[in-house]
Amino acid sequence: MSVRTIGVVMNGVTGRMGYRQHLVRSVLAINEQGGVTLSDGSKVKLKPVLVGRNADKLADIAAKHDISDFTTDLDAALAADDNLIYFDAQVTSARVKAVLKAIEAGKHIYAEKPTAESTQEAVALAEAATAKGVKNGVVQDKLFLPGLLKLKRLIDGGFFGRILSVRGEFGYWVFEGDWQEAQRPSWNYRSEDGGGIVLDMFPHWHYVMENLFGRVTSVYAQAVTHIPARVDEQGNRYAATADDAAYGIFELEGGIVAQINSSWTVRVNRDELVEFQVDGTHGSAVAGLRNCRVQHRSATPKPVWNPDLPATARFRDGWQEVPDNGEFDNGFKVQWEAFIRHVVEDAPFPNDFASGARGVQLAELGLRSSAEGRRIEVPGL
């Protein structure tokens, strides 16, 4: 069995997501399992080349994981012929410039979402990649979560009948940084640095809705900055200029209505950090990160509203857990493997830069809807 090694330039691995999910749990995990298996049975291993602005942080990560190649010189990393792929997990505001440089160098591009801060830039990236003939993909990890995979299985199996509505709840309390350290970086709360929950989460909700339920045709959103000031990593107080909560209503093709709340200022009173309830004529489901519960119409109780009497029914007891029926690997790793196969043997990979641009468009229109206080139609891209 032949084994091939290709270089992957990884920019942004000093950040939490770039390090934990992409370097450790994806690229290094792929090598630990022997590589990505191709259709002919051969293997592809990955040689990570770490790129960033802080040489000391890069050196620490490289030493910890026995990685030989790291540099603060992106141009030098892109100049190496054996580095076939460029991956970007930087702050959003730095992404477009670096990705365009990698496209010009002829590298295949895999990038975190959002791919850009504006629809115009996101479309330009997709067009540049197409013109150069390089393969391109955007991280859409939530499609590979066990809970949503089970939900997709229910949809494909016709469980819901006609889907009527989707209700999503996402979020948790992010500490302000004064009396407890914040668990998200401070740039998330500065619009000038590409922060904001709309730009962060609406691209996620877009690909979830587009892939599971249908094209988004309109958006009405209210974006809010509930916490006006926070404390950064150095202990300095700063103005929070970006939205930390967003409340959206989306119309989808086929008449489906989706309501999704996103917040970093909510305390969790649900089973998982994100949950989607899908209601259809034949049944309903509640899907989270890992679990999915269903209630068929044949098992739906008949609640009667009576405010004068306490409720005796335990409504959650009337729902049934959807079984795993298989093994679920890390969603980030699974998508990395799919992109490697796309690059090496032209396997299908629908999560491209054009898909990413549609997600950025929804975020941009969501912010516009909030600013103008009106529903906005979503044109096709």
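Tutor: Buried means under 20% relative accessible area, exposed over 50%, and partly exposed in between, with a 1.4 Å probe and protein chains only. This is a predicted model, in which local features need pLDDT of at least 70 and side-chain atom pairs count only at pLDDT 80 or more, while totals for chains, interfaces and linings use all residues. Residues are numbered from 1 along each chain as its sequence is written, and side-chain values use heavy atoms, with hydrogens and water left out.

Student: How many aromatic pairs does a search of the whole structure find?

Tutor: Rings of Phe, Tyr and Trp (its six-membered ring) pair if their centres lie within 6.5 Å; planes under 30 degrees apart count as stacked, over 60 as edge-to-face and the rest as tilted. Applied to the whole structure, the search gives a count of 13.

Student: Which class of pair do the rings of Tyr-110 and Trp-336 form?

Tutor: Their centres are 4.9 Å apart. The planes stand at 85 degrees, so the pair is edge-to-face.

Student: How many residues apart in sequence are the parts that Tyr-110 and Trp-336 tie together?

Tutor: Helices (H or I, at least four residues) and strands (E, at least two) are DSSP runs, numbered from the N terminus. Tyr-110 belongs to strand 6 (residues 108–111) and Trp-336 to helix 8 (residues 331–345), so the separation bridged by the pair is 226 residues.

Student: Are Trp-205 and Phe-276 buried or exposed?

Tutor: The ring centres of Trp-205 and Phe-276 are 5.6 Å apart with planes at 80 degrees, so this pair is edge-to-face. Trp-205 lies in helix 7 (residues 197–212) and Phe-276 in strand 14 (residues 274–280), so the pair ties together parts 71 residues apart in sequence. Both Trp-205 and Phe-276 are buried.

Student: How many of the 16 residues of helix 7 are buried?

Tutor: Helix 7 is largely enclosed by the rest of the structure. The reason is the number of its buried residues, which is 14.

Student: Over the ring of which residue does the charged end of Arg-190 sit?

Tutor: A charge sits over a ring if NZ of Lys or CZ of Arg is within 6 Å of the ring centre and within 35 degrees of the ring normal. For Arg-190 the distance is 5.0 Å, and the ring is that of Tyr-238.

Student: Which residue of strand 3 stands opposite Gly-7?

Tutor: Two strands pair if DSSP finds at least two bridges between them. Strand 1 (residues 3–11) and strand 3 (residues 43–51) pair in the parallel sense over nine bridges. Opposite Gly-7 stands Lys-47.
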